Amino acid sequence: MQRLVFLILPIVWMGSSGCPDSAPSEPPTDISVDALEDSTDTSVDALEDSTDTGETEEDITVPSEVLMNEEGPTNMLKPDEGWYRGDLHYHTNYSGDALDQGGDDLAIALAIADAWREPVWVEAHPEYAGNSLDFIAVTDHRTTEGLTDPAFVHDHLILIPGEEFGGAGHANIFGIADHIPHEPQGDESQNDRLIDAIEEAHNVGGIFSVNHPLDGGNWIWDTPNIDAIEVWNGPWAGFILGTTAEELEGGISGAGVENPFIRDAFEKGTDGHNHKALRFWYNHLTAGLHIPVLGGSDRHMIIPAGLPTTYIEVQKEADEEVSWSTLLQGIQDGATQVSRSPVGAQVLLQATATDGEEFSLGSSLPANRGPWTLNITVSRAAGGIIRIIRGPLLPPDADGRFHAEPDVLAELPITSDRVHGTVEWTPSPSGEWLHAMVFEPFLEEEPPEEIAQLIEELSIQFTADGLVAMAEALIPLLDIPVMLNPAQCDPALWEPWKPQCMPADPFPLATFYLPDNLERILHRVFEDGSPTEWTMGAITSAFLVPAITD
Ligand SMILES: [Zn+2]
Ligand SMILES: [Zn+2]
């Protein structure tokens, strides 16, 4: 048994959720000034004046940059609103490493991806009602074999055909039927092969998205034609630092090429490998490469799907059926966001020009039409904050490298399960990008002693073997007999602070859900190398305004 546990240590990706979103919103009259005082960008004086008058809601002058409590559904991003949710990074036993580690055959993997809809599940976790996944991308390592398996079919999930491409450095290719090799063909250099592979993906209508660019398998390649970046792979885990300087320098000198966005991302992304990936994306935006964010669980085994969950907004006619190609068009349109779980934070962000024209999240905005009014609605993140971040478009330095200069335009408290407000944005004439991040409270209740110890163990940053450190900290919480024999899984024995076996996975090395507070620990936000009292809730794609030209 012990040997088996050690076998899974290096690869176990843990993560899960259970954020209650079904509670009705408070009426929009009750504003917490205390919470607002913590925010530096808010006019508390103006707010106190407006709340003390006893005037009706319409008479109150709401200062800009305050989010007011709002009525309305807290599950805002649903298919009938054009938003589809799913997991874009998912392995089955067609991946050699998943097979070796005790992963799941395609049919079971798909059943696990749809486990959030099981009646036994929803009965125990009612917050999941209406929050199951709509799509799953099957992305096995360097193979599309699973896509022709008769089991590659589902009555509910939209299946996106894909593969995880690459050797040194990984990327997901979505929307392909045939494997695209990463090994040089003919007299191609390795870097030429990658550029050509991206073109081959484009030629068949596919999308090429760089995965976990700084987790050790670093994307050192110079590939300006990529379509998207996975900024959130598995747990946000600010305690896992990702690549080391030696790995990065070794990769660059060995390959003889250097990605112009990676060195800055390595140096400034001080708060985990996903933070480095976020900075890698900022550097692309800074160069004017307007590509969206994606996320994925990178599940090989043990964890459920959708941790994190990616949302894609699609434009479609009312009666039009959504297919995987509609979803890929949504990614190309740039309207995506990543949330920590199927029931995590959600954001609606829209930009309105001075003439009233509205632009949806991820749009490229015309120059000369600002100042812009940003309409912001946030749900399922009560007690958290939303940060609106912008950065200028900049030229590269003398060595051809890009360095983003992100800046907080506004940081606003989220005082209830659904809040709404506006923020004015005047982009620089030389061009700017802007996006939003939601931070949810770290824990909602006092943890028991063994969990306090887990938090302690995950309060320092780990370099290359951070994943192992995380797995070692979590293994004592797993029910090993059930893990080895899931037939013993009994939902009546689920405990609020213990990983809960999921009946959808009937095979040894079962699948476990981590209750909400445990999951928040694994998505903890670090800042400047230290743990904060926040959990990563959601990350949106960006608006981009080009420079004004004469
Ligand atoms: Zn990978
Ligand atoms: Zn993967």
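**Exercise 1. Which residue in β21 is the bridge partner of Val-338?**

Solution. The structure is a predicted model, and the pairing is read from it in steps.
- Val-338 belongs to strand β10, residues 336-339.
- β10 pairs with strand β21 (residues 530-540) in the antiparallel sense, over three bridges.
- Within β21, the bridge partner of Val-338 is Ile-539.

**Exercise 2. Describe the other partner of β10 and the directions of its side chains.**

Solution. 
- Strand β9, residues 309-313, runs antiparallel to β10, and four bridges join them.
- In this pairing, Tyr-311 stands opposite Gln-337.
- In a regular strand, side chains alternate between the two faces of the sheet.
- In β10, Thr-336 and Val-338 point one way, whereas Gln-337 and Ser-339 point the other way.
- These four residues are all buried.

**Exercise 3. Give the strand order of the open sheet of five strands and locate its edges.**

Solution. 
- The order is β1-β16-β13-β11-β12, and the pairing is antiparallel.
- β1 (68-69) and β12 (358-360) are the edge strands, since each pairs on one side only.
- β1 is joined to β16 (residues 418-425) by two bridges in the antiparallel sense.
- Asn-69 stands opposite Val-419 of β16.

**Exercise 4. Is helix α10 enclosed or open, and what span should it have?**

Solution. 
- The helix covers residues 273-286, which is 14 residues.
- At 1.5 Å a residue it should span 20 Å; its end C-alpha atoms are 20 Å apart, so the two values agree.
- For burial, 14 of the 14 residues are buried, and α10 is therefore largely enclosed by the rest of the structure.
- After the helix comes Gly-288, with a positive phi near 85°.

**Exercise 5. Explain why Leu-477 counts as partly exposed, and find its contacts away from its sequence neighbours.**

Solution. 
- Leu-477 lies in the loop between α13 (466-474) and α14 (480-484).
- A residue is buried if 20 or more other C-beta atoms lie within 10 Å, and exposed if 12 or fewer do.
- Leu-477 has 17 such neighbours, so it counts as partly exposed.
- Beyond four places in sequence, Leu-477 is in contact with Lys-498 and Pro-499.
- Lys-498 is 21 residues away along the chain, yet the two C-alpha atoms are separated by 6.1 Å.

**Exercise 6. Describe the largest nonpolar core and the surroundings of Val-438.**

Solution. 
- This core has 143 residues.
- Those with the most contacts inside it are Ile-136, Ile-229, Val-378 and Val-438.
- Beyond four places in sequence, the contacts of Val-438 include Ala-345, Val-378, Ile-386 and Ala-538.

**Exercise 7. Summarise the chain and the confidence of the model.**

Solution. 
- The protein chain has 15 helices and 22 strands.
- Of its 550 residues, 50% count as buried.
- The average pLDDT is 89, and 88% of the residues score at least 70.
- Over residues 1-57, however, the pLDDT is below 50; this stretch has 128 contacts in the model beyond near neighbours in sequence.

Note on methods: Residues numbered from 1 in each chain as written. Chains lettered and ligands numbered in written order. Predicted model: local features only at pLDDT ≥ 70, side-chain atom pairs only at ≥ 80, totals over all residues. Pairing = 2+ DSSP bridges. Core = buried A, V, L, I, M, F, W, Y, C linked by C-beta atoms within 7 Å. Contact = placed C-beta atoms within 7 Å. Expected span 1.5 Å × (residues − 1). pLDDT = per-residue confidence, 0-100.
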